[in-house]
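Colleague: Please take a close look at the helix packing in this model, and at whatever the aromatic rings do there. One connected account will do.

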Amino acid sequence: MTDESQRRDAVGADGKTDVRDITLGNADPADYSAADIGPVEDASLDSLKEMLDSQDAPTRRRAALALARREPPDAIRDKLADLARTDSDDQVRQFAIEALGKLDGDPTVAIDVLETDGDPWVRAEAAVTLDRLAREQYSDRFEAMLYDDHEGVRRNALISLTRIKGSDVREHLFDALDDPSDRVREWAVKLMGQYDDDSVVEDALTALLEDEAETEIVRETAARSLGARGTDVEELLEEGTGTASADNHMLNQVPDR
């Protein structure tokens, strides 16, 4: 049920293959290695700052990720903020906004990205960064994100609102059970697993589990949430689908970020 138009193709994606909501394809080796900071982990801050100005997008991506593990000066944080807002490469912007979240950056940069960036995965990362930097201050923003047109933003907003509102988020989680994206429904079910004292939640999970039209991942997650309540889940899904050990998956806790 995922909207195919909202998937980001792999760079050079000829002969691509879909795996759930991730598109795999043939990419240049530089693109595959851009997330590997090994070659630059010992580089000086000055060298990494210079890499942020490279004409080569994978180099800028790698530098942004490496800087997220350092304690750079404000000038480098400002450069990352600029890249997050304006870089021509989607993944550079995504890595830059991720780095700012880890560097205790300015949350208004995340707001700017959420309001202006045309790439949905960059906005989804901006939601994570806003959560890290100032979640309590922007509860209304996260509620608005529940109506974003991309599944990644909606999913991340649900997670943040669960951290902010606790049990008061249940209405949003129930609403999300009708979301067109199986990833959002999966996370709504996962987050509902924390309410082990709510019979209405248990009824909803059981209904999802018994809905043969529902995707397997959502039904399996419902089984695991029921298993966290001590329900014997070995026979809940036909022919075994990896839920036999669901009682060990204690999904009554909000996942770590």
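Modeller: Rings of Phe, Tyr and Trp, the last taken by its six-membered ring, count as a pair if their centres lie within 6.5 Å. By that criterion, a search of the whole structure, which is a predicted model, returns zero aromatic pairs. Lys 190 sits over the face of Trp 187, 4.2 Å from the ring centre. Arg 170 is placed likewise over the face of Tyr 195, with 4.0 Å to the ring centre.

The crossing of H9 past H11 is right-handed. On the H11 side the contact is made by Arg 183, Val 184, Trp 187, Ala 188 and Leu 191. H9 contributes Glu 151, Arg 154, Arg 155, Leu 158, Ile 159 and Thr 162. By class, that contact has six nonpolar residues, one polar and four charged.

Lys 190, the residue over the Trp 187 ring, belongs to the contact that H11 makes with H13. Helix H13 covers residues 216-227, and its axis is 9 Å from that of H11, at an angle of about 5 degrees. H11 and H13 are therefore roughly parallel to each other. Besides Lys 190, H11 brings Asp 182, Arg 185, Glu 186 and Val 189 to this contact. From H13 come Ile 217, Val 218, Thr 221, Ala 222 and Ser 225. The classes here are four nonpolar, two polar and four charged.

Another packing, between helix H4 (residues 74-86) and helix H5 (residues 90-102), has its axes within 7 Å and a crossing of roughly 140 degrees. Roughly antiparallel would need an angle over 145 degrees, so H4 is classed as oblique to H5. Their crossing is left-handed. H4 makes the contact through Arg 77, Leu 80, Ala 81, Leu 83, Ala 84, Arg 85 and Thr 86. The residues on H5 are Val 92, Arg 93, Ala 96, Ile 97, Ala 99 and Leu 100. Nine residues of this contact are nonpolar, one is polar and three are charged.

Notes. Residues numbered from 1 in each chain as written. Predicted model: local features only at pLDDT ≥ 70, side-chain atom pairs only at ≥ 80, totals over all residues. Heavy atoms only, no water. Left-handed = near helix turned anticlockwise from the far one by under 90°. Helix = DSSP H or I, 4+ residues; strand = E, 2+ residues; numbered from the N terminus. Contact = heavy atoms within 4.5 Å. Nonpolar A, V, L, I, M, F, W, Y, C, P; charged D, E, K, R; others polar. Phe/Tyr/Trp six-rings, centres within 6.5 Å; stacked < 30°, edge-to-face > 60°. Lys NZ or Arg CZ within 6 Å of the ring centre and 35° of its normal. Axes fitted to C-alpha atoms, helices over the stretch in contact; angles between N-to-C directions. Parallel < 35°, antiparallel > 145°, perpendicular 65-115°, else oblique.
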